[in-house]
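This report describes how the parts of one protein chain are arranged and how they pack against one another. Please keep the sequence and the structure in view while reading.

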Amino acid sequence: MNHAQYDQETGKPLDQSYLECGLPDDLQASIQEMQKSWAIIDSGSRDPHWDIYWCNLNADINSAEVERIISPEQAWYLREKYLRMERE
């Protein structure tokens, strides 16, 4: 039996992939473009469209959060995972 690992302080699952469930199609498409771009960057190459994908995804996350399609917790999870942002 597979038991989920939990954060001792918050009680939340350590695997937060559940925060990606039910994302709108446009947000999922932006995430996929960003993943492709990061793969190029991480391989040591240059992606001339990286900044466009980054800005598009950031805008889509912000819009979905403001419109309450996703929660602030989901928004920060996506920002940290796909935009590689850090909370201040």
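At what angle do α1 and α3 pack, and how far apart are their axes? In this predicted model, the angle between α1 and α3 is about 25°, and their axes lie 10 Å apart. An angle under 35 degrees counts as roughly parallel, and α1 and α3 are therefore roughly parallel to each other. On the side of α1, the contact is made by Leu27, Ile31, Met34, Gln35 and Trp38, and on the side of α3 by Leu78, Tyr82 and Leu83. By class, these residues divide into 7 nonpolar, 1 polar and no charged.

**The chain as a whole**

The protein chain contains 3 helices and 0 strands, and from the N terminus on its elements run α-α-α. Along its principal axes, the C-alpha trace spans about 45 × 35 × 30 Å. Of the 88 residues in the chain, 25% are buried.

**Two helix pairs**

The second pair to consider is α2 and α3. Their axes come within 9 Å and cross at roughly 170°. Since angles over 145 degrees count as roughly antiparallel, this crossing makes α2 roughly antiparallel to α3. From α2, the residues in the contact are Trp54, Leu57, Asn58, Ile61, Asn62 and Glu65; from α3, they are Pro72, Ala75, Leu78, Arg79, Tyr82 and Leu83. This contact has 8 nonpolar, 2 polar and 2 charged residues. The table sets out the geometry of both pairs.

| Helix pair | Angle between axes | Separation of axes |
|---|---|---|
| α1 and α3 | about 25° | 10 Å |
| α2 and α3 | roughly 170° | within 9 Å |

**Helix α3**

Helix α3 covers residues 72–83, and its 12 residues should span 16 Å at 1.5 Å a residue; the end C-alpha atoms are 15 Å apart, which agrees with that expectation. Its buried residues are Gln74, Ala75, Tyr77, Leu78, Arg79, Tyr82 and Leu83. The cover over these buried residues includes α1 and α2, the latter formed by residues 50–66. Just after α3, Arg84 takes a positive phi of about 60°.

**The nonpolar core**

Which residues have the most contacts inside the largest nonpolar core? They are Leu23, Leu27, Ile31, Leu57, Ile61, Ile70 and Leu78, in a core of 15 residues. The elements that give two or more residues to this core are α1, α2 and α3. The largest share, 5 residues, comes from α3. Leu23 is one of the residues with the most contacts inside the core. Leaving out residues up to four places away in sequence, Leu23 touches Gln28, Ile31, Ile70, Gln74 and Leu78.

**A serine in α1**

Ser30 belongs to helix α1, which comprises residues 25–42. Is Ser30 buried or exposed? A residue counts as buried when its relative accessible area is under 20%; Ser30, at 11% relative accessibility, is therefore buried. Apart from its neighbours within four places in sequence, Ser30 is in contact with Asn56, Leu57 and Asp60. One of these, Leu57, is also named among the core residues with the most contacts.

Notes:
Residues are numbered from 1 along each chain as its sequence is written. This is a predicted model: local features need pLDDT of at least 70, side-chain atom pairs count only at pLDDT 80 or more; totals for chains, interfaces and linings use all residues. Side-chain values use heavy atoms; hydrogens and water are left out. Helices (H or I, at least four residues) and strands (E, at least two) are DSSP runs, numbered from the N terminus. Buried means under 20% relative accessible area, exposed over 50%, partly exposed in between (1.4 Å probe, protein chains only). Contact means heavy atoms within 4.5 Å. The expected span of a helix is 1.5 Å times one less than its number of residues. A nonpolar core is a set of buried Ala, Val, Leu, Ile, Met, Phe, Trp, Tyr and Cys residues joined through side-chain atoms within 4.5 Å. Axes are lines fitted to C-alpha atoms, for helices over the stretch in contact, and angles run from 0 to 180 degrees between N-to-C directions. Angles under 35 degrees count as roughly parallel, over 145 as roughly antiparallel, 65 to 115 as roughly perpendicular and the rest as oblique. Ala, Val, Leu, Ile, Met, Phe, Trp, Tyr, Cys and Pro count as nonpolar, Asp, Glu, Lys and Arg as charged, and the others, Gly among them, as polar.
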